[in-house]
Amino acid sequence: MSDNKSLLTIKDVYASIEEKQIIKGFNLDIKPGEVHAIMGPNGAGKSTMGYVLSGREGYEVNSGTITFNGKDLLEMEIEERAAAGLFLAFQYPVEIPGVSNLEFLKASVDAIREANGEEPITSSELLKQAKEACKQVDLPLAFLKRGVNEGFSGGEKKRNELMQMLLLKPKLCILDETDSGLDIDALQMVAAGVNSQRSPERSFIVVTHYQRLLDYIKPDFVHVLADGKIVKSGDASLALELESQGYAWLETHKDEDNIEG
Amino acid sequence: MSEWLENAISRGQKIDDWLNPKRSRALELLSTTKWPTRKTEAWRYTPLRAIQSTKATQLEVVSELTPLAIADLSAIELVFKNGKLDKSALSDTLPTGLTVSLGSELAAQQQLQAIADFSEVKPDRHLFGLVNDALAQDVVIVNVEAGVKVEQPLRISSLLSQGAESHTRVQVSLGEGAELAVIEDVQAEGETLNTAFVEYFVSPKAHLEHYRFALQTGTNVSVGGCHFNMLDHSTMHSTIVAFGSDLSRLDTDIIHSGEFVDAKLNAIYLLDNNELFDLHATVEHAMPNGTTEENVRCIVGGRAKAVFNGRIHIHRDAQKTLAELNNRNLLVSKTAEINTKPELEIYADDVRCAHGATSAEVDKQALYYLQTRGINRAQANVILNFGFINELIDLMPNKVLAEWIRPIIRARFSAMKVN
């Protein structure tokens, strides 16, 4: 299933939160440059998978392996995963009053550079890059001086996530329902931001409930997640199929499982 | 009674000057005052040992003391050196409408007024306020005429050399519609003792911007107060920034004596080592339609101890009062201590009043968020903790002061051991 060219290999992962089993045998293999969409109904474990990959406290991997860029991801601290090139764009980014966006970006960029043996970025260079990134995601420059996500609208928070992604240049971007709560203009803007970052070295996992984001970010693969595991995989056409049929059949499937269990 | 207080009283009795009526009154009150113990509510968490054992005494002026430079700040300097006003430091040409005088040198009529005003805002319950009444060396009277907006801030610095004891007193009056910014700061080297009290009379529609920096540390003992009497439609915005010392205590009283007063008080304190800082902030809503917003944030590390007592008293007639008191405390070491007590006393029925006090650790979600951006846990802790007080620095109206104090606070915070 995986080979040495894989960026991320998830093998038979079971994960739980507070002893509640959420992920139940998850398998996925991602090669550099690929865009994978993960779709599924609410409660299927879509966001959980992002948290597991990022290393969030309380998300326990009970069995299985995850290899990222040839290394055992599960052995790495949260910040080491970030330094290794993993980026999670949050569905609900946290607000941090009193810490300016720019200060935060500098700390983040410097931490990742330091972990990779590079010198800290100069303030002027960072400001230049941050301004460009803001422009690209249509975030007013004044937001650089504001507290991280403080008082930002839902859409502005998503843009801020994307802005960070542009600056940090990760190898793997996990977009956790980045489309939720966005109007069509914002959605297109987010998609354009993502598309601009597509490259042979960079992979994406696009987690979404709806197909519409995938009209703008064309995935190479679509996976349907239900009850903690991938139940169906295909190409972009699977998303369209799912859109027309709905998740209903998956819901039924899950119910049967529950009755059996 | 303590030996220290007896000694203070006997020194006070020897003073014979223009302020005699108020000094003798204070001495009389002091003679019947009990020395605070652990059972005295106002001093429960703040033992007075350091005062009793200090060797600081009143010294002659040491002229080489100079106020700490504040980059880019252009202020009218009022400098006390070991308690005596340094007249040479005061500019000869003050802005029109602003007068700064020694109480002892006022013309008869004005002096009578100064005597009448003296200690009218500051409540008598402050023991060391009474000590200051009795022992204040040079009493300075600052007056801003009605309608005058003074552009430059007035900086009141109290400088103490090693071993010195000082008692400074300033009375500030703002006429109707006047505007003034006042910066109070203390610099004390080594074993020192000071009481620094300022009374503010804020006339209708006047605006006072106020800062008090209590950054003295080590073996200094400081007990002081800022007391504000606010009349109709007057406004004030005060920021207190404090580190701690062997004993550092500040009492503030904001008195809504008129209607539609708007008062804001923000306090930041950062304590380390064995330091102690105690803020007792009292707000009296005596009249209707007043607004008070109070934010107190402290970070305590080492074996330091922070005390905060925030009392808001809404009198029976103070309808339509809006009062909010928020106190957030952060302990960064297991041996640090925080004692916080919000007290709301409400006798009016049509008011909105809220308070909250939390002794929080850093937000776990925020910590996780920073870590997912490559920042390690220790550094994320520093960033988050600093953000917590940075919010109040951002609210300082004077940006020059904000940018001066920010790196000082940052440096202190970085040196604190987070564990």
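Is B:Ser104 buried, partly exposed or exposed, and how many other C-beta atoms lie within 10 Å? I looked this up before anything else. B:Ser104 is partly exposed, with 14 other C-beta atoms within 10 Å. For the cut-offs, buried takes 20 or more other C-beta atoms within 10 Å of the residue's own, exposed takes 12 or fewer, and partly exposed is in between, with C-beta atoms placed from the backbone.

**Ground rules**

I am working with a predicted model, where local features need pLDDT of at least 70, side-chain atom pairs count only at pLDDT 80 or more, and totals for chains, interfaces and linings use all residues. Residues are numbered from 1 along each chain as its sequence is written, while chains are lettered from A and ligands numbered from 1 in the order in which they are written.

**Confidence**

I checked pLDDT, the predictor's confidence in each residue, from 0 to 100. Chain B averages 93, and 98% of the residues score at least 70. Chain A has a mean of 90, with 93% of its residues at 70 or more. I flagged residues 253–261 of chain A, where pLDDT is below 50 and the stretch has 4 contacts in the model beyond near neighbours in sequence. A contact means C-beta atoms, placed from the backbone, within 7 Å. The model scores ipTM 0.92 and pTM 0.80.

**Back to B:Ser104**

I placed B:Ser104 in the loop between strand 3 (98–102) and helix 4 (108–117) of chain B. Helices (H or I, at least four residues) and strands (E, at least two) are DSSP runs, numbered from the N terminus. Leaving out residues up to four places away in sequence, B:Ser104 touches B:Asp17 and B:Trp18. I also looked at B:Ala114, which is 10 residues from B:Ser104 in sequence and 9.8 Å away in space, C-alpha to C-alpha.

**Helix 5 of chain B and its partners**

Helix 1 (residues 3–13) and helix 5 (residues 127–135) of chain B pack at about 30 degrees, axes 9 Å apart. That makes these two helices of chain B roughly parallel. I read the contact as B:Ala8, B:Arg11 and B:Gly12 of helix 1 against B:Val131, B:Ala134 and B:Leu135 of helix 5.

Helix 2 (residues 20–31) of chain B comes within 8 Å of helix 5 of chain B, axis to axis, crossing at roughly 140 degrees. Helix 2 and helix 5 of chain B are therefore oblique to each other. Axes are lines fitted to C-alpha atoms, for helices over the stretch in contact, and angles run from 0 to 180 degrees between N-to-C directions. Under 35 degrees counts as roughly parallel, over 145 as roughly antiparallel, 65 to 115 as roughly perpendicular and the rest as oblique.

**Where chain B meets chain A**

I found 17 residues of chain B in contact with 20 residues of chain A. On the chain B side, helix 6 and helix 7 are the elements that give two or more residues. Helix 7 of chain B gives the most, with 7 residues.

Why is helix 6 (residues 364–371) of chain B largely enclosed by the rest of the structure? Because 6 of its 8 residues are buried. I listed them as B:Ala366, B:Leu367, B:Tyr368, B:Tyr369, B:Leu370 and B:Gln371. These buried residues pack against helix 2 (78–83) and strand 7 (96–100) of chain A, together with helix 7 (377–394) of chain B.

Key:
Contact = placed C-beta atoms within 7 Å.
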